[in-house]
Amino acid sequence: MRSPRRCSRNGCPRQAVATLTYVYNESTAVVGPLAAFAEPHTYDLCEPHARSLTAPRGWDVVRHEGEFEPPPPTTDDLVALAEAVREAARPAPRPPEDDQDKQSHSTGRRGHLRVIPPSL
């Protein structure tokens, strides 16, 4: 399951509700509703950071005037959650053991650890 997108500001644990995009050739910072997908050249912001954003001197800030709301869960999220639950409930398959392997090796096996007797 995808985890909710978090604010891009350092140390901020809040959920992102807005996307910041810089338009460099127009010296403009645009803060709008959260984009559908995270892009490499945009920043996700929580509501307090989206409302208080300031731009460098000489730049304009275009800010969404409506409410910033977290996106509703999508059916992809619900399907991913159901698949994760099914996978966790499924027993792990055991590897087949040959009788010859049991007799030729005098090693014990417990979980993911292996006991190997000292060589004489």
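In what sense do S1 and S3 pair, and over how many bridges? The two strands run antiparallel and share four bridges; pairing here requires at least two bridges found by DSSP between the strands, and the strands themselves are DSSP runs (E, at least two residues; helices are H or I, at least four), numbered from the N terminus. The model is a predicted one, so to speak: local features need pLDDT of at least 70, side-chain atom pairs count only at pLDDT 80 or more, and totals for chains, interfaces and linings use all residues. Residues are numbered from 1 along each chain as its sequence is written, and side-chain values use heavy atoms, with hydrogens and water left out.

Back to the sheet. Tyr 22 has Ala 29 in S2 as its bridge partner. The hairpin of S1 and S2 leaves four residues between the strands, and Ser 27 there adopts a positive phi near 50°. Taken together, four strands make an open sheet with mixed pairing, ordered S3-S1-S2-S4. S3 and strand S4 (60-63) are the edges; each has a single partner strand, so one side of each lacks a neighbour in the sheet.

Next, the charged pairs. Side chains of opposite charge can pair when their charged atoms come close. Searching the whole structure turns up two salt bridges, meaning a side-chain nitrogen of Lys or Arg within 4 Å of a carboxyl oxygen of Asp or Glu. In one of them, Asp 44 meets Arg 5 with the closest N and O atoms 2.8 Å apart. That pair links distant parts of the chain, since Asp 44 belongs to strand S3 (residues 42-45) and Arg 5 to the segment before strand S1 (18-23), 39 residues apart. Asp 44 is buried at 8% relative accessible area, where buried means under 20%, exposed over 50% and partly exposed in between (1.4 Å probe, protein chains only). Arg 51 and Glu 47 make another salt bridge, with 3.6 Å between the closest N and O atoms. These two are four residues apart in helix H1 (residues 47-52), which means about one helical turn separates them. Both ends are partly exposed: Arg 51 at 33% and Glu 47 at 30%.

Helix H1 also holds His 49, which is buried at 16% relative accessibility. Leaving aside residues up to four places away in sequence, His 49 touches Cys 7, Arg 9, Cys 12 and Arg 14 (contact being heavy atoms within 4.5 Å).

Finally, the rings. There are four aromatic pairs; rings of Phe, Tyr and Trp (its six-membered ring) pair if their centres lie within 6.5 Å, and planes under 30 degrees apart count as stacked, over 60 as edge-to-face and the rest as tilted. Tyr 22 and Tyr 24 make a tilted pair, 5.9 Å centre to centre with 35° between the planes. Tyr 22 is partly exposed at 26%, while Tyr 24 is exposed at 60%. Tyr 24 and Trp 59 have ring centres 5.9 Å apart and planes at 85°, so this pair is edge-to-face. Because Tyr 24 lies in the loop between S1 and S2 and Trp 59 in the loop between H1 and S4, the pair ties together parts 35 residues apart in sequence. Ring pairs join Tyr 22, Tyr 24, Tyr 43 and Trp 59 into a cluster.
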